[in-house]
Amino acid sequence: MTTLPLTFSTEVREARARGLPLVALESTIITHGMPWPQNVETARAVEDAVRGAGAVPATIAVLDGTVHIGLEAADLDRLGRAEGVMKLSRADLAVCVAQGRTGATTVAATMICAHLAGIAVFATGGIGGVHRGAETSFDISADLHELAKTPVTVVAAGAKAILDLPKTLEVLETLGVPVIAVGQDELPGFWSRASGLKAPVRMDHPQQIAAAHRMRAALGIAGGQLVANPIPAEAEIPREQILPVIETALDEAEARGIAAKAVTPFLLQRIFELTDGRSLTANTALVLNNARLAARIAAELV
Ligand code: PSU
Ligand code: MN
């Protein structure tokens with residue numbers, strides 16, 4: 001029998017002892033989604049947003065073979081500056097831990113670790129999904145399958161518009177994952193509030209989302225929920241402005257033969273450059289917004 005290589009930050013340990021609501025946060029957005037130092041600044045601001053909305057943040061990462069549930073300030077700083085950190089999805093998590101290595105958790109791996117730690121709500125920016133051209137590349141993020149298996153409610157700003165959104169919705173439906181738009185009928189499109197697609201479900205209050213989460217467990221249905229929370233209006237990049245930028249980045253990725261795990265980080269970096277950093281400002285605003293909603297859902301679940 002192997003003991004779980006799991007450790008809690010001081011703040012998370014105290015919150016667990018006192019039964020306070022917890023919100024999991026991922027770390028791939030820190031190491032592969034944003035440049036230093038904005039990555040660490042954003043991660044700190046997201047943790048503060050969770051605290052400000054009445055819950056306790058648990059940023060998750062693997063450091064030297066130990067799964068950390070909640071990062072101490074020095075660990076977050078070290079991770080944010082580190083080079084060559086592994087990008088961990090379901091396939092990589094056990095290997096990284098067994099080999100004593102350091103890795104950042106994607107949505108899929110963060111869900112697994114959150115569930116191990118008894119955390120039911122998780123805030124991020126955007127989940128992975130079905131990539132454009134998936135009919136030939138077969139590139140479908142493991143995030144979607146994780147949502148079908150692991151009972152964690154994930155708050156995101158929709159799936160990133162670099163993906164094939166209609167196919168992403170189809171796969172989520174096939175996998176039995178509810179997709180809940182918050183406060184609007186349309187599925188949000190990450191950098192934009194609009195996506196041109198109607199969301200399968202709409203909810204306007206955190207308590208409705210918490211009730212649906214609980215009912216899934218009561219009915220014995222495996223898996224979690226995807227909560228699609230639109231970016232605040234003042235921070236959005238309108239769809240007609242971001243779409244041509246995405247096309248350019250996708251063309252470059254294809255021309256340069258970018259594939260597999262490198263696709264999402266490459267596209268995010270190129271879109272950052274092509275928008276003169278505006279995509280990063282939007283990304284930060286939407287993650288903060290998701291952190292606040294996740295905290296309210298977690299509070300309802302306690
Ligand atoms: N959304 C962001 N930035 C990111 C990611 C999503 O705004 O860095 C990361 C998440 O960790 C997500 C991962 O789980 O990208 C998806 O990667 P892939 O498409 O290779 O499955
Ligand atoms: Mn992929």
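Trainee: Which residues line the second largest cavity of this predicted model?
Mentor: A cavity is a set of points on a 1 Å grid over the protein atoms alone where a 1.4 Å probe fits but cannot get out, and lining residues have an atom within 4 Å of a point. Residues are numbered from 1 along each chain as written, with chains lettered from A and ligands numbered from 1 in written order. Local features need pLDDT of at least 70, side-chain atom pairs count only at 80 or more, and totals for chains, interfaces and linings use all residues, while side-chain values use heavy atoms, without hydrogens and water. The lining consists of Gly158, Ala159, Leu165, Thr168, Leu169, Leu172, Val179, Leu187, Leu226 and Ala228.

Trainee: Which element gives the largest share of the lining of the second largest cavity?
Mentor: Helix H9 (165-174) and strand E11 (225-228) each supply at least two residues; helices (H or I, at least four residues) and strands (E, at least two) are DSSP runs. The largest share, four residues, comes from H9.

Trainee: What volume does the largest cavity have?
Mentor: Among the 14 residues that line the largest cavity, Glu26, Ile29, Ala43, Val46 and Val287 are the closest to its centre. Its volume, the space filled by probe spheres set on the points, is about 130 Å³.

Trainee: How is H11 set relative to H12?
Mentor: Helix H11 (residues 239-255) packs on helix H12 (residues 263-274) at about 130°, with axes 9 Å apart. Angles under 35 degrees count as roughly parallel, over 145 as roughly antiparallel, 65 to 115 as roughly perpendicular and the rest as oblique. Therefore, H11 is to H12 oblique.

Terms used
Axes are lines fitted to C-alpha atoms, for helices over the stretch in contact, and angles run from 0 to 180 degrees between N-to-C directions. On a 1 Å grid over the protein atoms alone, a cavity is a set of points where a 1.4 Å probe fits but cannot get out, and a pocket is an open set with protein on both sides within 12 Å along at least five of seven lines; lining residues have an atom within 4 Å of a point.
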